[in-house]
Amino acid sequence: MDRKPDRIFLTFIAAPPEKVWALLTDTAQSPDWFFGQRMDVGAAKDDPFLITTPDGGQPVKGTVLAIDPPRRLLVSWEVQMPGVPKNEIEFLIEDMGAASKLTVHEYHLGEVPEKFLKSGRDGWSLILASIKTLLETGRKMPMIKLEPPQ
Amino acid sequence: MEEDVLFRALADPSRRLLLDRLFAKPGQTLGELIDGLPMSRQAASKHVAMLEDANLVAAVRRGREKYHYLNPVPIQEIAVRWIGKFEAGRVAALVKLKRKLESDHGSET
């Protein structure tokens, strides 16, 4: 792939790639690291990708564009708000021996307003820190209410 | 320790300047990053290597080019860790205070 990401977020986790992948794609566990939201990842290419809030809202919809367990997941990330261009999010898991390297690449398919860039920065940083904490210590994400950008 | 590497990487104004520039414009080559700065390519390359070791800079290669990004996650991990500790400390202090007040009160009556 020749294109370069618009943003990168990454962490190292003391767990094998299979465990990181299992947590990332297990809908039932996703609220523990995703601000209480459910993340549904279809099992195959072209399957739906969905984020559901506790009150049933679906702020993000999309499609699985590529899936290669336990290494790579690429989804389209379509924020259901006017004025936000479609993004693509790529999760990469690399085996580093004693740890896994979990990387999130953000690809912007249009000009993303600063407030959404900020919520991406804050959001992915917290999410990756939470996935790391959950896998390494078993502690769930402290309940932080993340308001969608107004 | 992982944090020693992180704090050492942050404890230098030139490296913080490079992080500021990557924050303002993600995905720069080394050449773009030092454009207009009184910093040699060699010095910048050393600084960037330290920032990469601390996981504060992430990079991708595309063809012959290497693009650099600010990775905010380690800062967040430190925040999560210390916020957790501060809360635990406050809870412990309150428990102690409660015990002391209650036992003082108990001895008076």
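**Close-up 1. Leu128(A) and what it touches.** Skipping residues up to four places away in sequence, Leu128(A) is in contact (C-beta atoms, placed from the backbone, within 7 Å) with Phe9(A), Thr11(A), Leu102(A), Val104(A) and, from chain B, Val73(B). Everything here is a predicted model, where local features need pLDDT of at least 70, side-chain atom pairs count only at pLDDT 80 or more, and totals for chains, interfaces and linings use all residues. Residues are numbered from 1 along each chain as its sequence is written, with chains lettered from A and ligands numbered from 1 in written order.

**Close-up 2. One face of helix H1(A).** Pro17(A), Val20(A), Trp21(A) and Leu24(A) are the buried ones in H1 (residues 17-25) of chain A; buried means 20 or more other C-beta atoms within 10 Å, exposed 12 or fewer, partly exposed in between. Helices (H or I, at least four residues) and strands (E, at least two) are DSSP runs, numbered from the N terminus. Looking down the H1(A) axis, the buried residues sit within an arc of 100 degrees (taken from the directions from axis to C-beta atoms), so they line one face. They pack against strands E1 (7-13), E6 (87-95) and E7 (100-108), plus helix H2 (114-137), of chain A.

**Close-up 3. Chain B against chain A.** Here 14 residues of chain B meet 17 of chain A. On the chain B side, E1 (57-62), E2 (65-70) and H5 (73-108) each give two or more residues, and H5(B) gives the most, four.

**Close-up 4. Asp53(B).** This residue belongs to helix H4 (residues 41-53) of chain B. Asp53(B) counts as partly exposed because it has 13 C-beta neighbours inside 10 Å.

Note on methods: Contact = placed C-beta atoms within 7 Å.
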